[in-house]
Amino acid sequence: MEMAHRDHILGAVHGVLGAAVLILCLAAELSVLVLRRHAALYLLPVCAMLTHLWRSGRRAGIGLVDFAYLKPPRRLRVTIPGLLEHLRLIGCFDDGSVEFMSRVVEDSGMGDETYFPPALHYLPPSATHADAVQEAGMLFFPTLDELFAKTGVPPSAVGALVINCSGFGPAPSLAAIIANHYRMPTDVKTFNLSGMGCAAGIVGVDVARGVLRAHAGAVDYAVVVSAEIVTIGWYRGRDRSKLLLNCFFRTGCAAALLSNTASAAAPVKYRLVALKRTTIAADDRGYNLAMREEDDEGITGFTIGRGLDRVFRDLLRAHLTAFGASILPWHEKLRYAAALARFRRRRRSSKKVQGGEGHVEAPRPNFLAAASHFCLPSSGMPNIRRLAEGLGLGEREAEAALATFQRFGNQSAASLWYQLGYHEARGRVRQGDRVWQLGIGSGPKASSALWERVAAYGGAAAADEGPWGDCVVRYPARAPGAPLA
């Protein structure tokens, strides 16, 4: 049966049931009035009507059945010394560009086990459209095969497919490539998200959530795929503001299966507690700081301008204010409000009294009251530590992001799922724990999702599965000057 027909039939059934409940409640009210029963009996049909209205207006819960993330073949591994030598042999970079990228890579804290797509291992690298399509298949199909095998949900049961890939938009689309490969049904709803950077994974979850809610009962499962096609993003020019992506971004892919918990048969591992998206694209200063454009020689690359830290600080301030209000418990909201009031009084008094207190540090919400585990943007180990410090988190809370960047590099939106996999591989996520995924991307935009573990802990055997299984104990490796807590 076509999805539109199912939606129409379900809507008609719900309408008939609602009308029947309303008629029964009115009949009960009239019978109580005619028979002159006790006044308290009037409350029974009223309560029944209110309960029905509440249940019909309540949104369906969204759950994460499971997720899968790719460990590329070992032959695609690129070590730091090998990468630096590769940059020198390519021939398109001058000595200054090679020195600049070498310094950035070494300072970032990236390890020797990240991966490049096959085309970038060539001398010179090949960055054709065909190479990018080949990379997409290499990423998508093994990841989705594992997801369908883990969950037991076949591709034919997927009602919505959301793909996020910032820099590559072929025709047919990436979603069409997947739908064709798995022979998905004709009524599957497909979406392609591009240009949203590292925040796109949570945006994809939001799109899938909307589809599951809008078509509750007709669409039971939605798949969200996050990947970055590094082949097409390779920059071969000399503009240093465009060379940073060559240094940070590596191959990776993740896929998540979401479900409507009211109608789906497959058990869920996590429950979506809250999701929030924030953008300040209306601000030209932030909008122009990160964009894909051509350099003076006509070579296309992704520019990262100066002042990005300040823009992201303003973005996070707006985002955390809104998201924190929805996830922090009341006792922490009251504590923070009281601390903020004291801070403002002290700041006013310090301005009035000459030689007074001077700088007064502003209080911060305790986000550990809202989440036990954190997945942060993988933008280099120094940046991860600065962001964690700004959120009031310690080294342990930032450990998953640090380990993921060191082991796999920056895989854009997919990095958040690698970090959740790290938490699970360490055996730290237990039933009732909450996990906060935070993504920041171009636009600029920020997106957050808070998940609660509802499935029981699977034990050490389950924790050893996945790309982290044979290496989790080695990461994050101890770095000079940055001992692990």
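Is Phe67 buried or exposed in this predicted model? With a relative accessible area of 1%, Phe67 is buried, where buried means under 20% relative accessible area, exposed over 50% and partly exposed in between (1.4 Å probe, protein chains only). Before the surroundings of this residue are described, a few words on the model are in order. Residues are numbered from 1 along each chain as its sequence is written, and side-chain values use heavy atoms, with hydrogens and water left out. Because this is a predicted model, local features need pLDDT of at least 70 and side-chain atom pairs count only at pLDDT 80 or more, while totals for chains, interfaces and linings use all residues.

The overall picture comes next. The chain contains 16 helices and 13 strands; helices (H or I, at least four residues) and strands (E, at least two) are DSSP runs, numbered from the N terminus. Of the 485 residues in the chain, 49% are buried. Contact here means heavy atoms within 4.5 Å. Among contacts in the chain with a separation of 6 or more, 78% involve residues 24 or more positions apart.

Confidence is given by pLDDT, the predictor's confidence in each residue, from 0 to 100. The chain has a mean pLDDT of 85, and 82% of its residues reach 70 or more. Strand β11 (residues 373-375) has the highest confidence, at a mean of 97, and helix α16 (residues 460-463) the lowest, at 54. The pLDDT is below 50 over residues 1-8, a stretch with 15 contacts in the model beyond near neighbours in sequence. It is also below 50 over residues 480-485, where 7 such contacts are found.

Back to Phe67, now with its ring partner. The structure holds 17 aromatic pairs; rings of Phe, Tyr and Trp (its six-membered ring) pair if their centres lie within 6.5 Å, and planes under 30 degrees apart count as stacked, over 60 as edge-to-face and the rest as tilted. The rings of Phe67 and Trp417 have centres 5.6 Å apart and planes at 40°, so this pair is tilted. Because Phe67 lies in strand β1 (residues 62-69) and Trp417 in helix α15 (residues 415-425), the pair ties together parts that are 350 residues apart in sequence. Trp417 is likewise buried, with a relative accessible area of 3%. Both rings belong to a cluster linked by ring pairs, made up of Phe67, Tyr69, Tyr115, Phe408, Trp417, Tyr418, Tyr422, Trp451, Trp468 and Tyr475.

A second pair joins Phe148 and Tyr182. Their ring centres are 5.4 Å apart and their planes stand at 80°, so the pair is edge-to-face. Phe148 is in helix α5 and Tyr182 in the loop between α6 (174-181) and β5 (189-193), 34 residues apart, and the pair thus links distant parts of the chain. Phe148 counts as buried at 9% relative accessibility, as does Tyr182 at 13%.

Nonpolar packing can be followed from here. In soluble globular proteins, nonpolar side chains tend to be buried together. A nonpolar core is a set of buried Ala, Val, Leu, Ile, Met, Phe, Trp, Tyr and Cys residues joined through side-chain atoms within 4.5 Å. The largest such core has 80 residues, of which Phe140, Val225 and Trp468 touch the most other members. Helix α5 (residues 129-151) supplies the largest share of this core, 9 residues. Leaving aside neighbours within four places in sequence, Phe140 is in contact with Ile163, Leu174, Ile178, Tyr182, Val225, Ala227 and Cys253. Apart from this core lies another, of 57 residues, including Phe93, Cys198, Ile280 and Ile299.

Since 11 of the 15 residues of α7 are buried, the helix is largely enclosed by the rest of the structure. Among these buried residues are Gly201, Asp206 and Arg209.Ser194, by contrast, counts as partly exposed, at 48% relative accessibility. Ser194 lies in the loop between β5 and α7. The C-alpha atoms of Ser194 and Asn164 are separated by 5.9 Å, although these residues are 30 residues apart along the chain. Not counting residues up to four places away in sequence, Ser194 touches Cys165 and Ser166.
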